[in-house]
Amino acid sequence: MLGGIAVAAYLARHHQPDLAALAVLFAVGGWRYGLHPSLAATDEGVVIRNPFRRVVVPWRQVEGALPGSRGVIVLRTDRRPVRAWAVQKANWSHFLGKRRRADDVAEYVTQSAKRRRRAAA
């Protein structure tokens, strides 16, 4: 990602804006698909992709999820929670009792885990 930005700056200084734009596009793509955090509910379980780590928590291990200021915390049956940086809830939202997207995501993960446990039983 940083290499793409450096190349873009170099090419822009040397009057090659088309190639510089292409380098910026690669840098943005590297950020989006390499470092951008995400949380996804799949058939296998909850897939958490943080900038430097990818974790798959199978549905049978998911106890629930909680929104937090540093991301959604996925609670696991083996007692080692995993934090997904993708969706955060500001501390002032907790203080004011405001519902945010992080609440919706945590609720969805919790409800999905409960449904899958009932279906498996």
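**Burial and fold**

I started with burial: 31% of the chain's 121 residues count as buried. Buried means under 20% relative accessible area, exposed means over 50%, and partly exposed lies in between (1.4 Å probe, protein chains only).

I noted the ground rules next. The model is predicted, so local features need pLDDT of at least 70 and side-chain atom pairs count only at pLDDT 80 or more, while totals for chains, interfaces and linings use all residues. Residues are numbered from 1 along each chain as its sequence is written, and side-chain values use heavy atoms, with hydrogens and water left out.

I then read off the secondary structure and found four helices and six strands. Helices (H or I, at least four residues) and strands (E, at least two) are DSSP runs, numbered from the N terminus. The order along the sequence is α-α-β-β-β-β-β-β-α-α.

I checked the contacts, meaning heavy atoms within 4.5 Å. Of those with a separation of 6 or more, 31% join residues 24 or more positions apart.

**Surface**

I looked up the accessible surface, which comes to about 8200 Å². Carbon and sulfur atoms hold 58% of that surface. Areas come from the Shrake-Rupley method with a 1.4 Å probe; for residues, only the protein chains shown count as cover.

I searched for patches. These are made of residues with over 30% relative accessible area and no salt bridge, with like charges joined within 9 Å and nonpolar side chains (Val, Leu, Ile, Met, Phe, Trp, Tyr) within 5 Å.

- K114, R115, R116, R117 and R118 make a positive patch. Lys and Arg count as positive, Asp and Glu as negative; His and the chain ends are not counted. Each charge is placed at NZ of Lys, CZ of Arg, CG of Asp or CD of Glu.
- I placed R117 in helix α4 (residues 101–120). R117 has a relative accessible area of 37%, so R117 is partly exposed.
- L19, L22, L25 and F26 make a nonpolar patch with about 420 Å² of accessible area together. L19 sits in helix α2 (residues 17–35) and is partly exposed at 43% relative accessibility.

**Single residues**

I picked S93 in helix α3 (residues 91–96). S93 counts as buried because its relative accessible area is 1%. Beyond neighbours within four places in sequence, S93 touches K98 and R100.

I also picked P37, in the loop between α2 and β1 (38–41). P37 is partly exposed at 21%. P37 and R53 are 16 residues apart in sequence, with C-alpha atoms 9.4 Å apart.

**Charge pairs**

Side chains of opposite charge can pair when their charged atoms come close. I counted five salt bridges, each a side-chain nitrogen of Lys or Arg within 4 Å of a carboxyl oxygen of Asp or Glu.

What links K89 and D103? Their side chains form a salt bridge at 2.8 Å, N to O. The pair ties distant parts of the chain, 14 residues apart: K89 in the loop between β6 (82–84) and α3, D103 in helix α4. Both K89 and D103 are buried.

D78 and R80 pair at 3.1 Å, N to O. D78 is partly exposed at 33%, and R80 is exposed at 52%. R76, D78 and R80 are linked in a salt-bridge network.

E107 and R99 meet at 2.4 Å, N to O. E107 is partly exposed at 40%, and R99 is partly exposed at 48%.
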